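Let's take a walk through this model, starting with charges and rings and ending at the sheet. Keep the viewer open as you read.

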Amino acid sequence: MNTHDNLYNKLFTQKVFEAFMSKKGHAVYHALAQADFQHPHLLSNGEIIHELYPRMSKCYRNEYFYQNTLLNTLLLGKHSVRTTTALSQVTVGKAVADFILINGKAVVYEIKSDLDSFDRLESQIEAYYHAFDYVCVVAPESSFSKLNTMFSNSPVGVYVLTKRNTISAKQKKEPVADSSRLSHQALFKLLRKREYEHIVYSYHGFLPEATPVFWYEACEALFSKIPLDQAYRVVLKALKNRVSIQQEQIQAVPYSLRSLAYFNKETGMDNGSLQSFLNQQYRR
């Protein structure tokens, strides 16, 4: 990866996005603006970012680019934030799920960008099936044949990001549900403390009598007594309730920044500050 591509890799990150929402620039942003534009001071920040995103797509479609395409195409295009929740970077066993969509069902999307290898793919997918029943790999067109062959007799789906930066309607293998590997332990590890306490209390009508040191294990023991199919449904409901954002709020954000806005947890969505920065004339 050359220095210029490395800057693109660092541009669409929460750290830079939070600098934008603070109505400030960022060293990475300034470096790209000055490298890629002859007279950046004649443009607004919004115009520069609007141009940087497609320029990145031509030379460096990284994981963020894939994730942002999935969010815009599937969550905002096919579904709605009113009925569907997206999650990112969710730890499942020894793997980390890149992108998950939850509505009536949950689908894990494992991103294998133009820059990734398939070295850990099978172990990642195995981990996901312990906590989710739909898994799909998202990769460039050049990888479709290999992945389609690899998973020809498997419930794993395969989606392709085309050279036109769309999800292909033709080169596609839809995922099929496989709940045979779901486990109470993997599901329980997805939950936050207040979530598993609520689930345990709702099912049993009481919480365990245990000291703080043994609280987690005691709650997990009670959780494991819930029938697996029921446990899966209530875990998905808990995960789905984690994100609360309005459709209009996220659609007001420029396409290139929507995934950052949707998954921003530290500062929350502040459309006013973001729009103020985007409308400002560029200055170092």
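**Rings, charges and a sheet**

The charged end of Arg-55 sits over the ring of Phe-37, 4.4 Å from its centre. Lys-172 does likewise with Tyr-159, lying over the ring face at 4.9 Å from the centre. To count as sitting over a ring, NZ of Lys or CZ of Arg must be within 6 Å of the ring centre and within 35 degrees of the ring normal.

A word on the ground rules: this is a predicted model, where local features need pLDDT of at least 70, side-chain atom pairs count only at pLDDT 80 or more, and totals for chains, interfaces and linings use all residues. Residues are numbered from 1 along each chain as its sequence is written, and side-chain values use heavy atoms, with hydrogens and water left out.

Now for rings against rings. Rings of Phe, Tyr and Trp (its six-membered ring) pair if their centres lie within 6.5 Å; planes under 30 degrees apart are stacked, over 60 edge-to-face, and the rest tilted. That rule gives 16 aromatic pairs. Take Phe-20 and Tyr-29: their centres are 5.3 Å apart and their planes at 80 degrees, so this pair is edge-to-face. Both residues are buried, meaning under 20% relative accessible area, with exposed over 50% and partly exposed in between (1.4 Å probe, protein chains only).

Tyr-29 also pairs edge-to-face with Phe-277, at 6.0 Å centre to centre and 65 degrees between the planes. This pair links distant parts of the chain, as Tyr-29 is in helix α3 (residues 27-36) and Phe-277 in helix α14 (residues 271-279), 248 residues apart. Helices (H or I, at least four residues) and strands (E, at least two) are DSSP runs, numbered from the N terminus. Elsewhere, ring pairs join Phe-12, Tyr-53, Tyr-64, Phe-65 and Tyr-255 into a cluster.

On to the sheet: 5 strands form an open, mixed one in the order β1-β2-β3-β4-β5, where two strands pair if DSSP finds at least two bridges between them. At the edges are β1 (85-92) and β5 (157-161), each pairing on one side only.

Strands β1 and β2 run antiparallel, joined by 7 bridges, with Ser-88 opposite Phe-99 in β2. In their hairpin, which has 2 residues between the strands, Gly-93 takes a positive phi near 60 degrees. Another hairpin leads from β2 to β3 through 3 residues; these two strands are antiparallel over 4 bridges, and Ile-102 stands opposite Ala-106 in β3. As for β2, 7 of its 8 residues are buried, so this strand is largely enclosed by the rest of the structure.
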